[in-house]
Amino acid sequence: MATLRLGDEAPNFKAQSTEGTINFHEWLGDGWGILFSHPADYTPVCTTELGTVAKYKSEFDKRNVKVVALSVDGLESHKGWVNDINETQGTTVNFPIIADEDRQVSELFDMIHPNADSKLTVRSVFVIDNNKKVKLIITYPASTGRNFDELLRVIDSLQLTAYHKVATPANWKHGEDVVISPAISTEEAKGIFTKGVDEIKPYLRMTPQPNLN
Ligand code: BEZ
């Protein structure tokens, strides 16, 4: 198995999930997607994570991003655990959870890191764009729950920079000024970014976020 890298096409697969069989590429359609793994069902951090993702559904929808979770537990385990997530997190799980008992998907996406745990998936996140290309890979250990606000922030940056010649600076949040791509000259930038170009250094040019009214 080759290591999956940014810019690669996300591998396709067919797998059982709590919402029926998923053919990954068909399921993604022409939108963006997130595939994220958790180590195991009926564990505390994972319970809070999946409850949080359910609560953020409208934020993912707004960004045209579908979300699917995965662990190596079976379908019956997932279904039972979903009841616990709903009860304890005050939500309704509204996205599929893949039952990857044969580790087909975990191996395709390199989600089992044997020196961390030889049997369970780590906390992987893959953000996939509307061309099925891998745009972001994040890996957390089992002991650290993910920050889903950060995930939304990153998606805002990925989607902005996919369509505009800009990059986002440290700690950037939706609505803040962005960096003009080093690939374009300041003169060219002045024609493109009509809200203004602030040349702090020849290589450091800022402009208001271009896709806002
Ligand atoms: C958890 O989700 O709480 C967890 C899962 C596996 C190892 C450690 C913590």
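Because the model is predicted, local features need pLDDT of at least 70 and side-chain atom pairs count only at pLDDT 80 or more, while totals for chains, interfaces and linings use all residues. Residues are numbered from 1 along each chain as its sequence is written, and side-chain values use heavy atoms, with hydrogens and water left out.

**Confidence and domains**

Among the elements of the chain, the lowest mean pLDDT, 97, belongs to helix α7 (residues 186-192), and the highest, 99, to strand β5 (residues 97-99). Helices (H or I, at least four residues) and strands (E, at least two) are DSSP runs, numbered from the N terminus.

The domain assignment, which is automatic or taken from a database, gives domain 1 as 14-145 and domain 2 as 164-207. Taken over C-alpha atoms, the centres of domain 1 and domain 2 are separated by 35 Å.

**Ligand shell**

The residues around the ligand are P39, T43, P44, V45, C46, R123 and A142; a residue is counted here if one of its heavy atoms lies within 4 Å of the molecule. Helix α2 (residues 44-55) gives the most to this shell, with three residues. By class, the shell has five nonpolar, one polar and one charged residues. In this scheme Ala, Val, Leu, Ile, Met, Phe, Trp, Tyr, Cys and Pro count as nonpolar, Asp, Glu, Lys and Arg as charged, and the others, Gly among them, as polar.

| Residue | Protein atom | Ligand atom | Distance |
|---|---|---|---|
| P44 | polar backbone atom | oxygen | 3.3 Å |
| C46 | polar backbone atom | oxygen | 2.8 Å |
| R123 | polar side-chain atom | oxygen | 3.1 Å |

Taken alone the ligand exposes 260 Å², and the protein buries 74% of that; accessible areas come from the Shrake-Rupley method with a 1.4 Å probe.

**Strand pairing**

Two strands pair if DSSP finds at least two bridges between them. Strand β6 (residues 123-128) and strand β7 (residues 134-140) run antiparallel and are joined by six bridges. β6 and β7 form a hairpin with five residues between them, and K132 in the turn has a positive phi of about 70°.

An open sheet of four strands has the order β8-β9-β11-β10, paired antiparallel. β8 (166-167) and β10 (198-201) stand at its edges with a single partner strand each, so one side of each is left without a neighbour in the sheet.

Strand β9 (residues 178-180) is joined to strand β11 (residues 204-207) by two bridges. Opposite V178 stands T207 in β11, and opposite V179 stands M206 in β11. M206 in β11 is also the bridge partner of D198. Three bridges join β10 to β11, which run antiparallel, and these two strands form a hairpin with two residues between them.

Technical notes:
A polar contact is a pair of N or O atoms within 3.5 Å; within protein, one must be able to donate a hydrogen and the other to accept it, and residues adjacent in sequence count only if both atoms are side-chain atoms. pLDDT is the predictor's confidence in each residue, from 0 to 100.
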